[in-house]
Amino acid sequence: MGMGTLTMTASNAALAPAPGSEAWFAVWTRNQYEPRVRDQLRRKHFEVFLPTVHVASRRRDKRVVLDQPLFPGYVFLRFAPSRAGYVAVASTDGVVRVLGQSSDALQPVPDDQVEGVRRLVTQAEGARAVPWIRVGDRVRIVAGPLAGLEGLVRDRCRGRATFVVNVDLLQRSVGVELESALLERC
């Protein structure tokens, strides 16, 4: 999830929580510090959610299943934004920052999105991160017999995307439905 700096605009300013009300925020952590940050913030009495998925791995000729962060480098934190709260979070070892423009303009994550992630990782088998691709994005197929082809995403539905190659001269297109995991943005 390549999150960079998020800025608040007039259109999403309405999403900002009212002062004193709790909301979910994304906390950017140092590489591989997610569990440590989660534990430290919990000791500071914050509600923290670190979504993880089971990943098969080989260790010394053994097959093991590891819990890996679904979104490497991020944990979700629920708190009422305040100067003191922000300082308590930002001073935690391994925390880079809470996403937002500044400590008084943090960017909340909608409750329904966090709840959706929570339900997927706790109740669905095979949950995994998939590329963030929107309709209209130019993409490349990264695996399978079509690997290397570039085209556009025409539609998206239930983890699948319609991949389209346009023939501009003929003003025609050909499309195929693929798993979103096979696509990467160009």
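pLDDT is the predictor's confidence in each residue, on a scale from 0 to 100. The protein averages a pLDDT of 81, and 84% of the residues score at least 70. This is a predicted model, in which local features need a pLDDT of at least 70 and side-chain atom pairs count only at pLDDT 80 or more, while totals for chains, interfaces and linings use all residues. Residues are numbered from 1 along each chain as its sequence is written, and side-chain values use heavy atoms, with hydrogens and water left out.

## Confidence

Helices (H or I, at least four residues) and strands (E, at least two) are DSSP runs, numbered from the N terminus. Among the elements of the protein, α1 has the highest mean pLDDT, 98, and strand β12 (residues 160–167) the lowest, 76. Over residues 1–15 the pLDDT is below 50. Beyond near neighbours in sequence, this stretch has 23 contacts in the model, a contact being heavy atoms within 4.5 Å. Where pLDDT is low, the predicted coordinates should not be read in detail.

## Helix α1 and the residue after it

In α1 the buried residues are Glu34, Val37, Gln40 and Leu41. They cover an arc of only 130° around the axis, so they sit on the same side of α1; the arc is that of the directions from the helix axis to the C-beta atoms. The cover over these buried residues includes β1, β2, β4 (62–69), β5, α2 and β6.

His45 follows α1 and has a positive phi, near 70°. His45 is placed in the loop between α1 (34–43) and β2 (47–49). With 75% relative accessibility, His45 counts as exposed. Its C-alpha atom is separated by 9.9 Å from that of Phe79, 34 residues apart along the chain.

## Nonpolar cores

A nonpolar core is here a set of buried Ala, Val, Leu, Ile, Met, Phe, Trp, Tyr and Cys residues joined through side-chain atoms within 4.5 Å. In soluble globular proteins, nonpolar side chains tend to be buried together. The largest nonpolar core in this model has 17 residues, and those with the most contacts inside it are Val27, Leu41, Phe46, Leu77, Val89 and Val98. At least two residues of this core come from each of β1 (23–29), α1, β5 (74–79), α2 (83–90) and β6 (95–98). Apart from it lies another core, of 13 residues, among them Trp24, Ala26, Val53 and Val121.

Leaving out residues up to four places away in sequence, Val98 touches Phe25, Ala26, Val27, Tyr86, Val89 and Leu106.

## Strand β10 and its partners

Two strands pair if DSSP finds at least two bridges between them. Three bridges join β10 to strand β11 (residues 150–157), and the two run antiparallel. The bridge partner of Arg140 in β11 is Glu150. Strand β14 (residues 183–185) is also joined to β10 by three bridges, again antiparallel, and Val139 stands opposite Arg185 in β14.

## Salt bridges

A salt bridge is a side-chain nitrogen of Lys or Arg within 4 Å of a carboxyl oxygen of Asp or Glu. The structure holds eleven salt bridges.

| Glu22 | Arg78 | 3.7 Å |

Glu22 is partly exposed at 47% relative accessible area, whereas Arg78, at 18%, counts as buried.

Glu179 is partly exposed at 32% relative accessibility, and Arg160 is partly exposed at 27%.

Arg138, Arg140, Glu150 and Glu184 are linked in a network of salt bridges.

Note on methods:
Buried < 20%, exposed > 50% of the residue type's maximum accessible area, 1.4 Å probe, protein only.
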